[in-house]
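Subject: Structure for you to look at

Hello,

Here is the structure I said I would pass on. Please open it alongside this message; my notes follow below.

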Amino acid sequence: MRPPRGGGFRGRSDGGGGGRGRGGMKSGNRVVVQPHRHDGVFVAKGKEDALCTRNLVTGESVYGEKRVSVQNEDGTKVEYRVWNPFRSKLAAAILGGVDNIWITPGSRVLYLGAASGTTVSHVSDIVGPTGMVYAVEFSHRSGRDLVNMAKKRTNIIPIIEDARHPAKYRMLVGMVDVIFSDVAQPDQARILALNASYFLKNGGHFVISIKANCIDSTVPAEAVFAQVVKTLQVDQFKPSEQVTLEPFERDHACVVGGYRMPKKQKAAP
Amino acid sequence: MLVLFETPAGFAIFKVVDEGKLTKVEDLWKEFTTCESARQVVNLKAFQKFENTAEALSATTLLIDSKPSKGLRKFLRAHCDGETLAVSDSKLGNAIKEKLKIDCVHNNAVMELMRGLRNQLTELISGLGVQDLSPMSLGLSHSLSRYKLKFSPDKVDTMIIQAIGLLDDLDKELNTYAMRVREWYGWHFPELAKIVQDNIQYAKVVKLMGNRVNAVNLDFSEVLPEDTEAELKEAAVISMGTEVSDLDLLNIRELCDQVLALSEYRAQLYDYLRSRMNTIAPNLTALVGELVGARLIAHTGSLLNLAKQPGSTVQILGAEKALFRALKTKHATPKYGLIFHASLVGQAAPKLKGRISRSLASKTALAVRYDALCDNQDNTMGLENRLKLETRLRVLEGRELGRSAGLKRGKPMIEAYDKDRKKGSGALITPAKTYNPSADMLLEQNGASNEENTAKKRKHEDEEPKPAEEVEKWKKKKRESEVEINGVKNESVGFDAESEGREKKEKRKKKKKTEASMESDEQNAQEISNEHVSKEDKKKKKKQAEVEEVVRREAEEQEESEKSIKKEKKKKKKKKKKEK
C-alpha cells in the first residue's frame, strides 16, 4: 500500500532550478535587468541578483536554467538566461571581479574544453550573431550534447577533437581574438600555447581556468598558479591578472592576459 | 617555395614571392598585418574547390589521419613541379613525399607563414569572402562531428516521435472522414448506418454500391458477411432516403476512396513504426511492446531523455495531472501512467496491477538505458527481463490464491492498524460477531418443531420463492451492488484494493448472518399463522422430516467420529509428551 506522500516532494514541481546556489530565484518574481560592466553581460536585480546573458535562441533553455523576459518601451520582448556561477568558471570569474574578459559582441572565441556546452552557450550569447565560437571537446558523450546544442545556435562550430593536436582541426578554425581554456589537464599551459601559435592573432587575449589539484595536488594552490604563470610567460604570453574563483570553486584560479602584445614604442625624449 | 593551405572551401597553393623575408621569423608577422604587404610575400597560385560536402568530408577525414586524399594528390601533381612544399603537418609532408616525390618542409618559419596566411585568407584568395567561408566551415564541422560520433541514421529517435504523432493524427482524421461519409450518404440511404457498424466496411459498401437501387443486383460477399448483406438488400428496397444525382454520388465515392486510402496508409505506418522501434530500442519493445515504448519516448522527447528518468518516473509518465493533484491534496498517488497499456500489466489481476507496474517500470528503465547508451543491437536483455517479470506475476498470483482459498479456522485476517488511512472501516478491525440461532442444537420437544422449521424452510426454497423472500433477495442484491460500486470507486482513486476486498467480504458475511437470522424469524412468524396444514402437506413434511433426520443423524455421527478422532489424537500427543 502506498502511503500518501505529501511533504517530501516539493522538489518535483520545481522545473529545473537555477543551480544549488541561487535559491532566491523562484519563478514568477519580478526583476530588473541592467547591463553589467562587461559588454554583453547583464545583471538581473530582484530579491537576489543574478548574472545573465541575452538569449540568442528565444524560448529555449539549454541546461534547464531560468529565463527572464523583459518588455521594452517599444513593446518588443527580450529574453535573458540566468548564468550559474557554480556551474560555469567564466561566470565565477566575472563575479570574482576580473577586470576584462575580452569576450565581446562580435568577437571570435576559441573555447577549449567545451564539455556539454553549458558555458559555451553563454559565450555564444555574448558574442552574438556577428561573432563566432569554435568549441573543442574530445569526449563523445559530451560531444553529442554539444552538437545538439550547436544545431540551434549557428555561431557555434563544434569540433570533436583532442585539443592537444590543433593541426587536426586547422581547416575548420580561422584566426581568433580570444582563447578560453577550461581543459583541466596537467599540461594545459602547453596545450594553450600550441593552440595560440596556430590560431590566436597577434595582440589577442587568453583566459585560462586553472585547477590546482589537477596540475599538482601535493603543492599548495598558490604555488601551482605561480608555476603556470611562469610557464605561460615563456611562451610569449603576458598574464595581466589572476582571480581566485573562491566562493564558487575551491583551489581554482582564472588567469587573463595577452599574446604577442605589440611592444609599446618608447616616446622619443 | 610553395605553401599548401587547407580551407573548408578547398585546397590552396600559394607561391612565396619573397623568400628572403622567411629568414627573419620574428618579423614575419609584420608582413601580414595588411593585405598589400601580404601580397608582397605570397600570392595564390592555385585553388581547388571541394565539389560538395561529401567530398569535403572525405578529404578532411583523411587529412586528420595525415593522409592525402585523391583530389589533393591530383592537385599537387598538377601544380607542384620541382618545388618544395611547405605543409602544416609533418606526417602529411612525409606521406606526400612518399607518394608524390615532392619535398615537404615544416619548421617554425612555415608555422609563422601559416599564421600570416590564416590572418589574410579572405584577401589572398579572391572570390572567397568571409560570408562564404563561415557557412562552409559550419557545414563541414557538423558533418565531421556526425562522422566522429558515428551518427547512424538508423538510430534516430526523431522518426519514432514523428511517426507516433502522425499515427494519432491519422486516427482522428480517419474517424472524422468516416463520420462524414456516414452522414453524407445517410441522406440517401439512412438505414445503412445502422446495418454496417464498421467504418471501413461502410466505405467499401458505398463505393461498391453507389446508388442504393444497385444493391439488389450486386454481390457484397467480399465486403460483408451474409446476414448483413441480406439485411442490406432488404433495407435498400424499402429505404426512406431521398434520391441523389450521379455527380453527388461521385463525390461521395471519392471521399470513400480517401477513407480507404487513409486506413491503408495507417496500417503501413503502424508497420513502419514497429520496424523502427525494433531497430532503435529492441529491449524496450521486448518488454512493453512497440506502441507503449513509442509513446514513452515521445512523452519525454527523446530516447536519451527517457534513459535519464528513474524507474519511479517511468511508472507514472503520463499521469502527471493525477500525480500532482494527489501530492497537493495529500492523497495516494497514481500507480500507473502510460505503462498501464503494456501487455504485462493488462494480464495481471486488478489487485496486482500496481505491483506489476512498479516492477515493469524498473526493468523498463534499465532496458531503455541499455538501448540508449550501449552499442549492442539485440534484445536478449529485454526478453530475459520479461521472463523474470512473468515468473514474478505467477508468484504473486499464487500468493493471492493462497490467501483467498481459506484461512485457518475460518477467522478473517487481522490487518495492521493504520491511523493515516483516509477511508477505512473505522475502529473495528475484526467484524463484530452476531448470534446465529440457526446453528442451535435444541432438545427433543423443540427439536421436532425445529425439524419442521428446517423442512418448511427447504420446502419454501424448493417451491417458487414467496414475495417476501423475493423482496429480501432484491434487497440483498441492492446492498451487494452498492458495496461493489463503492469498491470500484475506491480502486479508481488508487486505494489498495486488497483491504477493500477484505472489507467487502466482512460486510457480506455480516449481512448474510443478519439476513439468515431475519429469514428464520420471518418464517417462524409465517408458520405460526399457518397452523392448519392439510394432510398432504403433513405427509410431505413427515417424509422430508424422515429424510432430514437421517441426514442429520449421519451428520451427527460424522461429527462424533471426528470428535473421537480428535480426542484420540490428543491422547496420543499427551502420551508422546509423557514419554519425552
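A:Tyr169, A:Tyr198 and A:Phe199 make up one aromatic cluster. Keep in mind that this is a predicted model. Across all chains there are eleven aromatic pairs. In one of them, A:Tyr169 and A:Phe199 are stacked, at 5.8 Å centre to centre with 25° between the planes. This pair links distant parts of the chain, 30 residues apart: A:Tyr169 is in the loop between strands S8 and S9 of chain A, and A:Phe199 is in helix H5 of chain A. A:Tyr169 counts as buried because its relative accessibility is 1%, under the 20% cut-off. A:Phe199 is buried as well, at 0%.

B:Tyr185 belongs to helix H9 of chain B and B:Tyr202 to helix H11 of chain B, so the pair ties together parts 17 residues apart in sequence. Both B:Tyr185 and B:Tyr202 are buried. The charged end of B:Arg182 sits over the ring of B:Tyr202, 4.7 Å from its centre.

Back in chain A, look at strand S10 (residues 200–211). Nine of its twelve residues are buried, so S10(A) is largely enclosed by the rest of the structure. S9(A) pairs with S10(A) in the parallel sense over five bridges, and A:Ile179 stands opposite A:Phe206.

Regards

Conventions: Residues are numbered from 1 along each chain as its sequence is written. Chains are lettered from A and ligands numbered from 1 in the order in which they are written. This is a predicted model: local features need pLDDT of at least 70, side-chain atom pairs count only at pLDDT 80 or more; totals for chains, interfaces and linings use all residues. Side-chain values use heavy atoms; hydrogens and water are left out. Buried means under 20% relative accessible area, exposed over 50%, partly exposed in between (1.4 Å probe, protein chains only). Helices (H or I, at least four residues) and strands (E, at least two) are DSSP runs, numbered from the N terminus. Two strands pair if DSSP finds at least two bridges between them. Rings of Phe, Tyr and Trp (its six-membered ring) pair if their centres lie within 6.5 Å; planes under 30 degrees apart count as stacked, over 60 as edge-to-face and the rest as tilted. A charge sits over a ring if NZ of Lys or CZ of Arg is within 6 Å of the ring centre and within 35 degrees of the ring normal.
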